[in-house]
Amino acid sequence: MKGSPTLAAPKALAVSLTGLRAGRRHLGLLAALALLALVGLLTRPDSFATSANLVSVLALASTIGVITVGMTFVIIGGGIDLSVGAVMALASVWATTLATQSYGPVVMAVCAILVGTGAGAVSGLLVAYGRMVPFIATLAMMVAASGLAQRLSDRKTQLVKPENDAIVALSIERFLGLPILVYVFAAVVAAGWVLLNRTTFGRRTYAVGGNPEAARLAGIDVRRHTLLLYALSGFCCGVAALLIMARTTTGSSTHGNLYELDAIAAVIIGGTLLTGGRGTIIGSILGLLIFTVITNLFILNGLNTSDQLVAKGLIIVAAVLLQRRSLPGTT
């Protein structure tokens, strides 16, 4: 029956409808971004549209954006990762220890990525083979990674040594007016999009998140794929650690504080279902940009962080309610 028109037609129709829904949601997110830009132009015409401010928004979005790409894979795969902020902090601390810095920036970069990927793989092992609930497994990893980062750094901020300026250059050096770290962010987004939409790995991610039992019966090793999803999230944390070291020239156990909430919120606003099986990289990045612009508007207008958190909470609630209305069988 393979290739039968009678079976191919409904499948093609379903794919088209899914693509149409994603496109409509992306247009809605772009409209929200345009509305926020209009608010910025009306409230702070002197500073919002300046090149310095827009570059600052992109640089701020880059670090959380890389984490958001990994989080998108995990949530589409039916899980969640609360440890991303703490793992990024641990990777930055480990990479900026004096012993690691003595071997130069390449070793520091490799160290950060290995630490992030390793921590993610441990979470994946706990979820996939330990059969732990993702919320609990990654919460435990968050606490453990935070404690290890504090122990390694003795709760002190560790500076990137001058001989390792190649890492700092990611934030200082510019191409076409933008810091190199923005291009790193763009490269991660592009790679994530290709991996999710053009590879077997991506198709398996949707299958595992949509119906794990059906995926298993179709021959997918669900547990191994789940482990790989969390390792991928950890890899993104390692890359994000490099970017935050470049921006701040430091490694610290306080890096990444509440990043997990921003990343999860961006993914939800972008249209990815918390139950798994549906979502897009583009939607998550648009959700992240909405959050980043809101933060920027609050700062430019002198509003406090408490109001900012309340606004973000309301946006998350609205996004979840919209998701529920879009699900079949809900009203």
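Let us start with F201. If we leave aside its neighbours within four places in sequence, F201 is in contact with F73, L195, H225, L228, L229 and L232, where contact means heavy atoms within 4.5 Å. F201 belongs to helix 9, residues 200–210. Helices and strands are here DSSP runs, numbered from the N terminus: helices are H or I with at least four residues, and strands are E with at least two. By comparison, F201 and I64 are 137 residues apart in sequence, and their C-alpha atoms are 23 Å apart in space.

A word on the basis of these values. This is a predicted model, in which local features need pLDDT of at least 70 and side-chain atom pairs count only at pLDDT 80 or more, while totals for chains, interfaces and linings use all residues. Residues are numbered from 1 along each chain as its sequence is written, and side-chain values use heavy atoms, with hydrogens and water left out.

I turn now to helix packing. Two packed helices are described by the angle between their axes and the distance between the axes. Helix 8, residues 180–197, packs with helix 13, residues 281–300, at an angle of about 145°, and their axes are 9 Å apart. The axes are lines fitted to C-alpha atoms, for helices over the stretch in contact, and angles run from 0 to 180 degrees between N-to-C directions. Which residues make the contact? Helix 8 provides F185, V189, G192, W193 and L196, and helix 13 provides I281, I282, I285 and L288. Of the residues in this contact, 8 are nonpolar, 1 is polar and none is charged. In this count, Ala, Val, Leu, Ile, Met, Phe, Trp, Tyr, Cys and Pro are nonpolar, Asp, Glu, Lys and Arg are charged, and the others, Gly among them, are polar.

Next, the surface. V122, L126, M132, V133, F135, I136, L139 and V143 make a nonpolar surface patch of about 630 Å². Such patches are made of residues with over 30% relative accessible area and no salt bridge; like charges are joined within 9 Å, and nonpolar side chains (Val, Leu, Ile, Met, Phe, Trp, Tyr) within 5 Å. Accessible areas come from the Shrake-Rupley method with a 1.4 Å probe, and for residues only the protein chains shown count as cover. Helix 5 (105–128) and helix 6 (134–153) each supply at least two residues of the patch, and the largest share, 4 residues, comes from helix 6. F135 is placed in helix 6, and F135 counts as partly exposed because its relative accessibility is 44%. Buried means under 20% relative accessible area, exposed means over 50%, and partly exposed lies in between, with a 1.4 Å probe and protein chains only.

What about the loop between helix 5 and helix 6? R131 lies there, and R131 is exposed at 65% relative accessibility. The phi of R131 is near 55°, a positive value in a residue other than glycine. Most residues other than glycine have a negative phi, and most peptide bonds are trans. L258 also has a positive phi, near 70°, and L258 is found in the loop between strand 4 (250–251) and helix 12 (259–269).

Let us move to charged pairs. Side chains of opposite charge can pair when their charged atoms come close. How many salt bridges does the structure hold? There are 3, a salt bridge being a side-chain nitrogen of Lys or Arg within 4 Å of a carboxyl oxygen of Asp or Glu. One of them joins D46 and R44 at 3.2 Å, N to O; D46 is exposed at 52% relative accessibility, whereas R44 is partly exposed at 24%. K156 pairs with D154, with the closest N and O atoms 4.0 Å apart, and both K156 and D154 are exposed. E213 pairs with R216, with the closest N and O atoms 2.6 Å apart. E213 and R216 are 3 residues apart in helix 10 (residues 212–217), so about one helical turn separates them.

Finally, two residues away from the surface. Is A265 buried or exposed? A265 is buried, because its relative accessible area is 1%. A265 sits in helix 12 and touches F291 and I316, not counting residues up to four places away in sequence. Q158, in strand 1 (residues 158–159), is also buried, with a relative accessible area of 16%. Thank you for your attention.
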